[in-house]
Amino acid sequence: MRSSLVIGDFARATHLSVKTLRHYHRIGLLVPADVDERTGYRYYGTEQIPTAQVIRRFRGLDMPLEQVQAVLAAPDVAARNTLIAAHLDRLEGNLARTRDAVASLRDLLRDPAGTAPIEITLRTVPATPAAAVRAEIDLADATPWFQGAIGELRATLAAQGLAEAGPAGGIYATELFADEHGASTVFVPCRGPVRPTGRVVPFTVPAAELAVTVHTGGHEDIDRAYGALGGYVAEHALGLDGPIREYYLTGRHDTPDETRWRTEIGWPVFGTGEVTR
């Protein structure tokens, strides 16, 4: 006869609370071996203890419940290990971002104004023919939307035999930052007219007067470059309503090494010239 434990004893044996066990039952992650139809009491087999321990350890590694379910339901060891390896890769990526955030925070705490002067110039950008993807997006969706759009743009240009004529860029409405939702355009300058395909349309990047700086590295602390630009524009009374512009001089599609990324940020301003800070 199989040994069983009431839910309270199973909770003690596995260090999973009764509330957690009930939730796992509801979603089908860890179903009791038996449920008394009259009382509703849940009973767990002792052979389920190792499974509960595995679940607890995966949750300790912040694995989402649906991924835990996928691991437990994997048809073989190879499939299971592939899922686990993918999650470990995500953890390593998160750890790297955490380290970058900690380093940036320490720099700010040592010197709130920034550890080094940020160079800012004023210049005129001419109108430029390009291919673009345009949409109203939520700020939380900006990164995956951008990655999909830039991939589609480059694939479309390659399929139509059109050469890129400069670095890819983005134009972002003030509402995207202020209200977390707004108009966004990702573009790639190109030689020759692009034929509309899917989300890709021909687009002329507008001429603009910009205060410009270049941010080096990943985007976790790109707000420091934005802050320097905003402060410069305010101090010099140059502010002009209009969207922020970014140019991706070196980015994710060029190298996975974030330390080599270079993003040029342009803030709309009055006037032109070669002013350096």
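**View 1. Strands β2 and β3 side by side.** Strand β3 (residues 42-45) runs antiparallel to β2 and is joined to it by two bridges, and the bridge partner of V35 is R42 in β3. Strands here are DSSP runs of E with at least two residues, helices are runs of H or I with at least four, and both are numbered from the N terminus. This is a predicted model, in which local features need pLDDT of at least 70 and side-chain atom pairs count only at pLDDT 80 or more, while totals for chains, interfaces and linings use all residues. Residues are numbered from 1 along each chain as its sequence is written, and side-chain values use heavy atoms, with hydrogens and water left out.

**View 2. Helix α1 against helix α2.** Helix α1 (residues 7-14) packs on helix α2 (residues 18-27) at an angle of about 105°, with the axes 9 Å apart; the axes are lines fitted to C-alpha atoms over the stretch in contact, and angles between N-to-C directions run from 0 to 180 degrees. That makes α1 roughly perpendicular to α2, a term that covers angles of 65 to 115 degrees. The contact (heavy atoms within 4.5 Å) is made by I7, G8, F10 and A11 of α1 together with V18, L21 and R22 of α2.

**View 3. The largest nonpolar core.** This core, a set of buried Ala, Val, Leu, Ile, Met, Phe, Trp, Tyr and Cys residues joined through side-chain atoms within 4.5 Å, has 19 residues, where buried means under 20% relative accessible area with a 1.4 Å probe, protein chains only. Its largest share, six residues, comes from α6.

Notes
Parallel < 35°, antiparallel > 145°, perpendicular 65-115°, else oblique. Buried < 20%, exposed > 50% of the residue type's maximum accessible area, 1.4 Å probe, protein only. Pairing = 2+ DSSP bridges.
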